[in-house]
Structure formats: C-alpha cells, structure tokens
Amino acid sequence: MPQVQTRERQLEYTDEVAEATEHIWPKVEGSIPRFEWEMKAPLIAEINRLKEERDAVILGHNYQVPEIFHGVSDFTGDSLGLAQQARDADAEYIVFCGVHFMAETAAIVNPDRTVLIPDLEAGCSLSESITVEEVRDLKAKYPDAPVVCYMNTPADIKAESDICCTSANAKAVVESLGSDRVIFLPDQYLAENVASQTDVEIVTTDGKCIVHEQFTADQIRAYRKQYPGIEVVAHPECSPEVCEEADFVGSTSGMIGHLDEAESDRVIMVTECSMSDNVQEAHPDLELVKPCTLCPHMKKITLEKTLKSLQEIQHRVEVPPEIREPALESVERMLDVGRS
Ligand code: 13P
Ligand code: SF4
C-alpha cells in the first residue's frame, strides 16, 4: 500500500481516502499514472480535510499541476479571475497555489484574511525584472504618461503605478486612461502586442517571461507543417511574431474558453504545459498538442508544501499599509475595468 510520511502522521491510500478522492481521479487519469495517484490521493484527502478544519480556501492558477488544479483548488483561473476570487473570499485563510505576486495581490485586495503561499520562492521573471527606481525614472522622463503595470509585479511597483492590468484586459486598461501615451511595464512583449492593437503610444521596459519568450514563430510554423489544420492558441506574453502566427491570443482563462469554439479537433496551446493537462478531461475530443514548457516558479508549489502550509499556517504574505493602500487603488481601478 503506498504510504506518504508527513510531519504529523503517515498518510496511506486507505478505503476512506479512495472514497474521498474517487470523484477527482477521472479528471487526472490522463496525466497521472495510477501508482502515483495512490501516493497523491492521501495528501489530497488530508489537504481537503484540513481546509475545512482551518476554514481555508485554496485558489489555484491555471498553470498548477493537475493534482492541485483538480484535487484541492476551490477556485481555479487566470490572474484576474483569482484576484476577483481573493477579493470576495470570506474564509479565514486564503492559500494561494500560484506565484508570489498573485498571493500578494490577494493580500492587497483582502487584508482581512490571512493569505498563505506554500513556497515563498515561487517568483516570476517578469515580477523580478523591474525596480521602483526604474519606474520613477520613467515617470520623470514622461511626466504626462500614466503608468500601467502588469499584474506580474511586486506590490511596491503597483503602488507606484496608476493602474494595474492583466493579460485579460491590457488593451482595455490602456485605452481606459484617455491618454495618447502610457508607460506600460514590465513585459516588453505584452506591451508590443497591445501597441499593435491601439493608437495609444506605449513606452515599455524589457522584461520577459522565461516560459513564453522561448517560443518562436519558426516553431509555430513547424507545428503547422507537422499537424496540418492545427489551431494555434497563444498567450500574449509570447513575442509579437508568435502572436501573429496564432489563431487566437488571450489570457490563460481566455485560451481555455477558446477551446469551446475551436474550429479544429487539434489545438496547440502556446503556453505553460500543465494547462493542457488540466483542460484535457473537459475536452475529450480535442487533441491537445503540448510544447512541454514548464514554469519553474509555478512548479515550486506541490501537494506536500500545500499540506504543510495548512498544518503550520505558513508562509504568510503581508503587504505593509503604506504600500498596500496605493497598490490597492491601482488594482481596484483595474477591477473596475474588468475583463475585456
Ligand atoms: P494569466 O493572467 O493569463 O493567468 O497569466 C499569468 C501568467 O503568469 C502567465 O504567464
Ligand atoms: Fe511569471 Fe512566466 Fe511563470 Fe507566468 S509563466 S509566473 S509570467 S515566469
């Protein structure tokens, strides 16, 4: 019988665990071998039990591994959807299975709850690519241009910006400002992709996502050659050349939603590879071709660390009030724009 040792007790694949998790197995059986499932299921059952005991809610980003996405998350979504869920959460604890800037945003929008992240090292190359000094320098250089910061930034950058955006509403946010020129940071590719769709002049920096910057237009053309008729769905953190090759470009949830309207029975999602695993069960007739590119930050979040997070109430994500208040203004303005 597979056994998993946790700090408090040994977790086994018992009849009770099998019963508590049998509804999850069909959602993950395409991506998790049965012997591995019998090691993961006891952790899933224990996390779900402890979640109720502690009055906790788990928010899981679309890039989380299937056992977290389907096994323990109460809500899943893109960074905009999860920020909305975090704002509305009334559980005592919000455990964020995603990366640090997402958990920090939860703490900004809902300071009355305790926000936990299972691993403090779950960062983001975009979030780490910009400093407050750089933002201040840009503001001094372009004093009439409002600052739009991507959600993938730390709280102090949000505090320094006029409004935040996500991949689900970047163009709408830029155009909501009524300015001829905006500073848009830190994602160069997202900025260029927005610039190609609007008359607003965009000043940007050179941040990149280490996952999406790897895709090339040649690669997409090669996929099209190998799989004639394939539909290409891409995330706007990809380069403009890749987005130009795509049939649809959208946020992670936008990409998932697009699968319902796919015109081909073969689709490639040009993004982090766990997302295809997570949506396969809902689309049994679609062949999802996966370019297997993983986000090392998202993959820092595991069932074991999520359980520990609930057992030991760690790691708390807090934002000091002098940063939280201006950051909240920036996030709330974006939430008012909503999803476009
Ligand atoms: P979404 O807001 O589209 O979920 O994107 C977040 C992210 O980090 C993509 O790399
Ligand atoms: Fe950041 Fe890219 Fe990972 Fe998204 S996929 S969290 S943008 S490093």
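Predicted model: local features only at pLDDT ≥ 70, side-chain atom pairs only at ≥ 80, totals over all residues.

User: Why is Asp55 called exposed?
Analyst: Count the neighbours. Asp55 has 11 other C-beta atoms within 10 Å. The label "exposed" applies at 12 or fewer. So Asp55 is exposed. Asp55 lies in the loop between helix H3 (34-54) and strand E3 (56-61).

User: What makes Ile313 partly exposed?
Analyst: Ile313 has 15 other C-beta atoms within 10 Å. Exposed means 12 or fewer, and buried means 20 or more. The count of 15 falls in between, so Ile313 is partly exposed. Ile313 sits in the loop between H15 and H16.

User: How do you know which kind of peptide bond joins Leu185 to Pro186?
Analyst: Look at omega. Its value is near 0 degrees, and the bond is cis. Pro186 lies in the loop between strand E9 (181-185) and helix H10 (188-195). His315 belongs to the loop between helix H15 (303-312) and helix H16 (321-337). Most peptide bonds are trans.

User: Why are E4 and E6 called edge strands?
Analyst: Start with the order of the open sheet: E4-E3-E5-E6, with parallel pairing. Strand E4 (75-77) and strand E6 (114-116) each pair on one side only, and that makes them the edge strands. The twist averages 20 degrees from one strand to the next.

User: How do you know that E5 and E6 pair?
Analyst: Pairing needs at least two bridges. Strand E5 (residues 93-97) is joined to E6 by 3 bridges. So the two strands pair. They run parallel. In one of these strands, E6, Thr114 is the bridge partner of Tyr93. Helix H6 packs on this sheet, touching E3, E5 and E6, and its direction makes about 155 degrees with that of E5.

User: What makes E7 and E9 a pair?
Analyst: Use the cut-off of at least two bridges again. Strand E7 (residues 147-150) and E9 have 3 bridges and run parallel, so they pair. Cys149 stands opposite Leu185 in E9. The open sheet here has the order E8-E7-E9-E10. Its edge strands are E8 (163-165) and E10 (201-204). H10 lies across E7, E9 and E10, at about 175 degrees to E10.

User: Which residues make the contact between H5 and H6, and how do they divide?
Analyst: From H5 come Ser79, Leu82, Ala83, Ala86 and Arg87. From H6 come Met102, Thr105, Ala106 and Val109. They divide into 6 nonpolar, 2 polar and 1 charged. Helix H5 (residues 79-88) and helix H6 (residues 100-109) pack at about 35 degrees, with axes 8 Å apart. The crossing is right-handed.

How values were computed: Residues numbered from 1 in each chain as written. Chains lettered and ligands numbered in written order. Axes fitted to C-alpha atoms, helices over the stretch in contact; angles between N-to-C directions. Helix = DSSP H or I, 4+ residues; strand = E, 2+ residues; numbered from the N terminus. Left-handed = near helix turned anticlockwise from the far one by under 90°. Contact = placed C-beta atoms within 7 Å. Nonpolar A, V, L, I, M, F, W, Y, C, P; charged D, E, K, R; others polar.
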